[in-house]
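Dear colleague,

Please find below the structure that I am handing over to you. My findings follow directly after it.

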Amino acid sequence: MTTQTKGADPASDRPASESALALTSWLISLVRNHDNGSLAELRRPRVRKEPHYRAIWYSPTDDAEQREVYEQVAFLFAVYHQGRSKPTPGYGSLGKAARRIGGGVKRGPDDPGAARLVDRIVSSRRIPWRHLQHAVARLRACDRQPPSWAHLADDLSRWHDRKARVSYEWALAFHEPPPRRNPPRTPSATDTSQKGPIT
């Protein structure tokens, strides 16, 4: 059993699965090759066409829920990359990515809309696809990096695994306080740097 250090992002502490990395690699190739037709098809989830089946093909199991995860992550990727010419594999968990939502000085937990969105996501028993789409759309609108697509696929594959505690880890990453840059220095009794009046 590995222990998490405080402030660690579980998504970046563990390697992504081979199947999630393969899905991400294929999706990135669609953007690099300017395959806008396939990306547009992926953004139409109600009508399955060849790109949807390609995404499902990367699923490591034949389980229907697992296949849906891969198809929906491909959809979220296509939503984020609409109109973009450079692909991004993203980084961090969805909780870390949601910290980047907002404008000006109000980002993440300081942005009321982002905080409400994360609360809805992490309190859901079922995978909250609509709220995840909204989070990805907000990241796109703010021109911020998305979560790691590979880790997102892995996290959503473990959504119902109580030991994985995915939603808890996302909430923890989102609400983590920023690191203190220079902690205030308290003078000690032996501190001789104070100078008295010059006589």
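About 30 Å³ of space lies in the largest cavity of this predicted model. The count comes to one cavity of 30 Å³ or more. Its lining is formed by Leu-94, Gly-95, Ala-98, Val-118, Ile-121, Val-122 and Trp-170. Two elements, helix H6 (94-98) and helix H7 (112-122), each give two or more residues to this lining.

Regarding confidence, the chain has a mean pLDDT of 88, and 84% of its residues reach 70 or more. The lowest confidence in the chain belongs to helix H1 (residues 10-13), with a mean of 55, and the highest to helix H9 (residues 149-157), at 98. Over residues 1-8 the pLDDT is below 50, and this stretch has five contacts in the model beyond near neighbours in sequence. Where pLDDT is low, the predicted coordinates should not be read in detail.

Helix H9, where confidence is highest, is mostly covered, with eight of its nine residues buried. The buried residues in H9 are Trp-149, Ala-150, His-151, Leu-152, Ala-153, Asp-154, Asp-155 and Leu-156.

The structure also holds eight salt bridges, and three of them are described here, beginning with the pair formed by Arg-44 and Glu-41. The closest N and O atoms of Arg-44 and Glu-41 are 3.3 Å apart. Arg-44 is partly exposed, at a relative accessible area of 45%, whereas Glu-41 counts as buried because its relative accessibility is 19%, and the cut-off for buried is under 20%.

A further salt bridge joins the side chains of Glu-50 and Arg-54, at 3.8 Å from N to O. Both residues lie in helix H4 (residues 50-57), four residues apart, which is about one turn of the helix. An α-helix has 3.6 residues a turn, so residues three or four places apart point the same way. Glu-50 is partly exposed, with a relative accessible area of 47%, and Arg-54 is also partly exposed, at 33% relative accessibility.

In the remaining pair described here, the side chains of Arg-67 and Asp-62 meet in a salt bridge, with an N to O distance of 3.1 Å. Arg-67 is partly exposed, with a relative accessible area of 34%. Asp-62, by contrast, counts as exposed because its relative accessibility is 66%, and exposed means over 50%.

With kind regards

Technical notes. Residues numbered from 1 in each chain as written. Predicted model: local features only at pLDDT ≥ 70, side-chain atom pairs only at ≥ 80, totals over all residues. Heavy atoms only, no water. 1 Å grid on protein atoms, 1.4 Å probe; cavity = no way out; pocket = protein on both sides within 12 Å on 5 of 7 lines; lining within 4 Å. Points joined across faces, edges and corners; volume = space filled by probe spheres on them. pLDDT = per-residue confidence, 0-100. Contact = heavy atoms within 4.5 Å. Buried < 20%, exposed > 50% of the residue type's maximum accessible area, 1.4 Å probe, protein only. Salt bridge = Lys/Arg side-chain N within 4 Å of Asp/Glu carboxyl O.
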